[in-house]
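Have the sequence and the 3D view ready. We will walk through the fold step by step, starting from a single side chain.

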Amino acid sequence: QVQLVESGGGSVQAGGSLRLSCAASGYNFRSSVCMGWFRQVPGKEREVVARVRTSRSTTTYADSVKGRFTVSQDNAKNTVYLQMDSLKPEDTGMYYCAAYWARTSIECGTDHRSYNFWGQGTQVTVSS
């Protein structure tokens, strides 16, 4: 059974940094899985900030976070990290990691409805 557990959220001032972790179990990073980091604020749908093909160590970032957020992975720990630098107040939200089984020939989706495994979320608050 696939399980995802996030950690690392918190409160920081604008310009600061946080690193989120997503520990995955039930599959390994060589599998045909898409992983994604999403964020959500009240009243809005979850939006993707990064999509990850762990089998290839490739990541696609949303335009809003390019150059500021970086995804990395530790295959031995089956953990994906989201390093968030130069944080802005608009980065505030609940952050989730998610995954779904997907053939390696297709691009990982941006729609949260494509993802059927979710972590519990971790809150990130950026103050101005």
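The side chain of Thr122 reaches the backbone nitrogen of Gly9 at 3.1 Å. That is a polar contact: a pair of N or O atoms within 3.5 Å, where within protein one must be able to donate a hydrogen and the other to accept it, and residues adjacent in sequence count only if both atoms are side-chain atoms. The model is predicted, so local features need pLDDT of at least 70 and side-chain atom pairs count only at pLDDT 80 or more, while totals for chains, interfaces and linings use all residues. Residues are numbered from 1 along each chain as its sequence is written, and side-chain values use heavy atoms, with hydrogens and water left out.

Where is Thr122 found? Thr122 sits in strand E11. Strands (E, at least two residues) and helices (H or I, at least four) are DSSP runs, numbered from the N terminus. Thr122 is buried, with a relative accessible area of 10%. Buried means under 20% relative accessible area, exposed over 50%, and partly exposed in between, using a 1.4 Å probe and protein chains only. Leave aside neighbours within four places in sequence. Thr122 is then in contact (heavy atoms within 4.5 Å) with residues including Glu6, Gly9, Leu20 and Tyr95.

Now look at the nonpolar cores. Such a core is a set of buried Ala, Val, Leu, Ile, Met, Phe, Trp, Tyr and Cys residues joined through side-chain atoms within 4.5 Å. The largest one has 28 residues. Leu4, Tyr27, Met35, Trp37, Leu82 and Met84 have the most contacts inside it. Strands that give two or more residues to this core are E3 (18-25), E4 (33-40), E5 (47-53), E7 (69-74), E8 (79-84), E9 (93-101) and E11 (122-127). E3 gives the most, with four residues. A second, separate core has eight residues, among them Val48, Ala98, Tyr100 and Tyr115.

Take Met84 as an example from the largest core. Which residues does Met84 contact, apart from its neighbours within four places in sequence? They are Gly16, Ser17, Leu18, Leu20, Arg68, Phe69, Tyr95 and Val124.

Next come the cysteines. A disulfide is a pair of cysteine sulfur atoms within 2.5 Å. By this rule the count is two. One joins Cys22 to Cys97, with 2.0 Å from S to S. The link of Cys22 and Cys97 is right-handed, with 65° about the S-S bond. Cys22 lies in strand E3 and Cys97 in strand E9, so this pair ties together parts that are 75 residues apart in sequence. Cys22 is buried at 0%, and Cys97 is buried at 1%.

The other disulfide joins Cys34 to Cys108, again with S to S at 2.0 Å. Here the angle about the S-S bond is -90°, and the link of Cys34 and Cys108 is left-handed. Cys34 lies in strand E4 and Cys108 in the loop between E9 and strand E10 (117-118), so the pair ties together parts 74 residues apart in sequence. Cys34 is buried at 0%; Cys108 is buried at 7%. Number the bonded cysteines in sequence order, and the pairing reads 1-3, 2-4.

E7 and E8 run antiparallel, joined by six bridges. Two strands pair if DSSP finds at least two bridges between them. Asp74 has Thr79 in E8 as its bridge partner. Four residues lie between the strands of this hairpin, and Asn78 takes a positive phi near 50°.
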